Amino acid sequence: MTDTVTLTIDGKAYTLPVVRGTEGERAIDISKLREQTGLISLDPGFGNTGSCESAITFIDGEKGILRYRGIPLEQFEENPNFIEVAWLLIFGHLPTPEEYERFSKLLTRTANIDESMKHSFQGFPRSSPPMATLSAMINALSCFHPEFQAVDDLTQLEGVAARLISKIRTIAAYSYRRSRGKPLIYPDPKLRYVPNFMHMMFSQPYEEYVCDQDTRDALNLLLILHADHEQNCSTSTVRMVGSSQANLFTSCAAGVGALWGSLHGGANVQVLRMLQHIHKGQMTPEEYVSRAKDKTSGELLMGFGHRVYKNFDPRAVVLQRMAERLYKRMKTDDPLLNIARKLEEIALSDSYFVERNLYPNVDFYSGIILRAIGIPVNMFTVIFAIGRLPGWIAHWAEQNESATSRIARPRQVYTGNPETKYVSLLRD
Ligand code: SDX
């Protein structure tokens, strides 16, 4: 197979290099295109643009494959351990027992946030969306950790990663408690990552919340399923902000903002609203699917479709299995799960969805699981952010370490006025 391609413009041939990935992917390297030809490429939404080379996550969207550092996602399903996967993504290998213990201790030691930061929660209205508070508070960590303005070696990376991964759950839990007018609960050094988060969310000063094994496993697995997804919108945002040499905290705060939108992580909230809407009898599943196909309705089948997957999103498959298992163990049922199953069945046999390769994505079943373990709807996207954080850190660090990375600065094709004389319309 050739390692170059030839592009002919106005009868002149240009040779462009082809870059190969380890799984056989090929990309035309157009980094010298403008220099050589005077032309740029145009690709709104970056559907055909590789912004970097990366060794973190592999997706084959046609086959429905997702691997973290080469390990298929499904292999994390038994005894799920989010912190082990976070280490894998950030440092490129599974942690040794010593590395795991050291990192766990660091997470425990750094779980608390500065007392003065706690006062900042009071400055937000109680109605504040937790994603807004989360982004603001992650950015505020820059003020408390000037020692991590730059990250120059692996020890520093471990230090900043542990602080962020540990404190995000404290901040997340506090943003929820603030929204409910409840007192803030300190992290408990005896508890591991997930039980400690649930403790800060749900314990009362007079009554301790105890996290059972099913909840612990479900949340660990759910966080793992969200942990990275190569160059998605929020991760690309983190990389873009980081490319200017902005620090990790502020880059991740921007990532939270990007994740919040309904077409990205915010879709998990919209899926639940859609299921509740149908459950209340305001529409049948069939009517909802019909509306989603009607371009004038402004509705979409939320939790369906994906830029990369043209087959089942493997995370949705695991999540559906997990939802069925969880409800069976809890010996209960959720009417919303039945509605989700019905919507999926209708859509997967409808030519509109079949022709466009639209399948359930990660957001379709995640809300059902979060509901089962008692997480309120306004925290769904926050949980996605906690899960995605290791991916953001891994990508920021990969870019930070790369000798070839440059500030991200796309070009444009200008379509505005030609040169126009300034004639003010204001009176003296
Ligand atoms: C995430 O990128 C990632 O990796 C993201 C993510 C991650 O882990 O980081 O996987 C997480 O963001 C999941 C996606 C969550 N969003 C939703 O569930 C919202 C509903 N889905 C869509 O809006 C849409 O499918 C996107 C945003 C997910 C993908 O958008 P694309 O790639 O730009 O596709 P498109 O909007 O151009 O759709 C192609 C066609 C269009 O129809 P035509 O113009 O060709 O006739 O499919 C239609 C769309 O109208 N379509 C849908 C649909 N999704 C796409 N029609 C109805 N319902 C839908 N959900």
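Which residues are linked with Glu77 in a network of salt bridges? Select Glu77, Arg321 and Arg325 together: these three make up the network. Keep in mind throughout that this is a predicted model.

**Salt bridges**

Side chains of opposite charge can pair when their charged atoms come close. The structure holds 17 salt bridges, and the next stops show some of them.

Select Arg192 and Glu101. Their side chains meet in a salt bridge, with 3.4 Å from N to O. This pair links distant parts of the chain, 91 residues apart: Arg192 sits in the loop between α6 (154–180) and α7 (193–202), and Glu101 sits in helix α3 (residues 97–109). Arg192 is partly exposed, at 37% relative accessibility. Glu101 is also partly exposed, at 34%.

Now select Glu398 and Arg239. Here the closest N and O atoms of the salt bridge are 3.2 Å apart.

Move on to Asp313 and Arg315. The closest N and O atoms in their salt bridge lie 2.7 Å apart. Asp313 is buried, with a relative accessible area of 1%, and Arg315 is buried with 2%.

**Aromatic rings**

A pair of aromatic rings is described by the distance of the centres and the angle of the planes. A search of the whole structure finds 12 aromatic pairs.

Select Phe304 and Phe364. Their rings form an edge-to-face pair, 5.2 Å centre to centre, with 90° between the planes. Phe304 is in the loop between α12 (285–293) and α13 (314–329), while Phe364 is in helix α16 (residues 362–372), so the pair ties together parts that are 60 residues apart in sequence. Phe304 is buried at 11% relative accessible area, and Phe364 is buried at 0%.

Next, select Phe312 and Tyr359. Why is this pair called tilted? The ring centres are 4.8 Å apart and the planes stand at 50°, so the pair falls in the tilted class, because an angle over 60 degrees would be needed for edge-to-face and one under 30 for stacked. Phe312 lies in the loop between α12 and α13, and Tyr359 lies in the loop between α15 (351–355) and α16, so this pair ties together parts that are 47 residues apart in sequence. Phe312 is partly exposed, at 33% relative accessibility. Tyr359 is partly exposed too, with a relative accessible area of 22%.

Then show Arg356: its charged end sits over the ring of Tyr352, 3.9 Å from the ring centre.

**A contact to the backbone**

Select Asp334, in the loop between α13 and α14 (335–348). Where does its side chain reach a backbone nitrogen? A polar atom of the Asp334 side chain lies 2.9 Å from the backbone nitrogen of Leu336. Asp334 is buried, with a relative accessible area of 4%.

**Two positive phi values**

Select Phe46, in the loop between α1 and β4. Phi of Phe46 is near 55°, a positive value in a residue other than glycine. Phe46 is exposed, with a relative accessible area of 55%.

Then select Arg69, in the loop between β5 (65–68) and β6 (71–72). Phi of Arg69 is near 50°, again a positive value in a residue other than glycine. At 25% relative accessibility, Arg69 is partly exposed.

**A nonpolar patch**

For the last stop, show the surface and select Ile40, Leu42 and Val413. What kind of patch do they form? The patch is nonpolar, and the three residues together have about 270 Å² of accessible area. Ile40 is found in the loop between α1 (33–37) and β4 (57–60). With a relative accessible area of 32%, Ile40 is partly exposed.

Note on methods:
Residues numbered from 1 in each chain as written. Predicted model: local features only at pLDDT ≥ 70, side-chain atom pairs only at ≥ 80, totals over all residues. Heavy atoms only, no water. Patch = residues over 30% accessible without salt bridge, like charges linked within 9 Å, V, L, I, M, F, W, Y side chains within 5 Å. Areas by Shrake-Rupley, 256 points an atom, 1.4 Å probe, with all protein chains shown as cover. Salt bridge = Lys/Arg side-chain N within 4 Å of Asp/Glu carboxyl O. Helix = DSSP H or I, 4+ residues; strand = E, 2+ residues; numbered from the N terminus. Buried < 20%, exposed > 50% of the residue type's maximum accessible area, 1.4 Å probe, protein only. Phe/Tyr/Trp six-rings, centres within 6.5 Å; stacked < 30°, edge-to-face > 60°. Lys NZ or Arg CZ within 6 Å of the ring centre and 35° of its normal. Polar contact = N/O pair within 3.5 Å; in protein donor to acceptor, adjacent residues only side chain to side chain.
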